[in-house]
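Biologist: Hi! Could you walk me through this one while I look at it?

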Amino acid sequence: MSHSEHERDAFVQAEVATALAHQIRAIRMQRGWSQAQLAQRMGTKQHVVSRLEDPSYGRCSLKTLFLLSRAFDVGLKVGFVSFLAMLKDSFKPKHADRMVASFEDEAGTVGFYTHLSADKGLTHVSSVWTAKPDAQQAASTYKQVVRAPSDALVWPQFNKLEIAP
């Protein structure tokens, strides 16, 4: 396979189609939904979901992926990667490794960065999300925020990101 571009291309297509079909099924089952229930949430028919869960189908459009993302209430990541990265990311033999928490499941553990001004307090809330601390950590962080320097982040114990105002 390493010497044949055709073999690599066929492998990539089969691997991506199989991984995607298995993940669609895993997330649907994680939610406890039938194919008909997922189809209803997507605004389509049950046979379409059956086809999407068939690894040999391999014809998902971006539009369909966006419908699935909305139905599952999850994000969608599509991009090009190295061959080795694709192999590492797509090989998930365990059903549990293919599941994804919905936004609703994670909502209690998500927060956002806020820009501060030393003289005016909170001035700007950005739209970048990150894990936030529990209530006790948040209370102590709030006390730190009052004394924070300009452009500090509300949750300083996490990795800082540069965010344009």
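Biologist: How far apart are the axes of α1 and α4, and at what angle do they pack?
Modeller: In this predicted model, the axes of α1 and α4 are 11 Å apart and the helices pack at an angle of about 20°. That makes α1 roughly parallel to α4 (angles under 35 degrees count as such). Axes are lines fitted to C-alpha atoms over the stretch in contact, with angles running from 0 to 180 degrees between N-to-C directions. Helices are DSSP runs of H or I, at least four residues, numbered from the N terminus.

Biologist: Is the crossing of α1 and α4 left-handed or right-handed?
Modeller: Left-handed; in such a crossing the near helix is turned anticlockwise from the far one by less than a right angle.

Biologist: Which residues make the contact?
Modeller: From α1 there are L20, I24, I27, R28 and R31, and they meet L65, L68 and F72 of α4. Contact means heavy atoms within 4.5 Å. By class, the contact of α1 with α4 has 6 nonpolar, no polar and 2 charged residues. Nonpolar covers Ala, Val, Leu, Ile, Met, Phe, Trp, Tyr, Cys and Pro, charged covers Asp, Glu, Lys and Arg, and the others, Gly among them, are polar.

Biologist: What about α2 and α4, how do their axes cross?
Modeller: At roughly 105°, coming within 9 Å, with α2 spanning residues 35–42. That makes α2 roughly perpendicular to α4, a label for angles of 65 to 115 degrees. L38, R41 and M42 in α2 meet T64, L67, L68, A71 and F72 in α4.

Biologist: Nice. And how do α1 and α5 pack?
Modeller: Helix α1 (residues 5–31) and helix α5 (residues 83–90) have axes 10 Å apart, at an angle of about 30°. That makes this pair roughly parallel too, α1 to α5. The crossing of α1 and α5 is left-handed. R8, F11, V12, E15, V16 and A19 of α1 touch F83, M86, L87 and S90 of α5.

Biologist: Changing topic, what volume does the largest pocket have?
Modeller: About 1,400 Å³. Of the 40 residues lining the largest pocket, V16, L20, K77, V78 and G79 are the closest to its centre.

Biologist: Which helix gives the most to that lining?
Modeller: α1, with 10 residues. The lining divides into 24 nonpolar, 9 polar and 7 charged residues.

Methods
Residues numbered from 1 in each chain as written. Predicted model: local features only at pLDDT ≥ 70, side-chain atom pairs only at ≥ 80, totals over all residues. Heavy atoms only, no water. Helix = DSSP H or I, 4+ residues; strand = E, 2+ residues; numbered from the N terminus. Parallel < 35°, antiparallel > 145°, perpendicular 65-115°, else oblique. 1 Å grid on protein atoms, 1.4 Å probe; cavity = no way out; pocket = protein on both sides within 12 Å on 5 of 7 lines; lining within 4 Å. Points joined across faces, edges and corners; volume = space filled by probe spheres on them.
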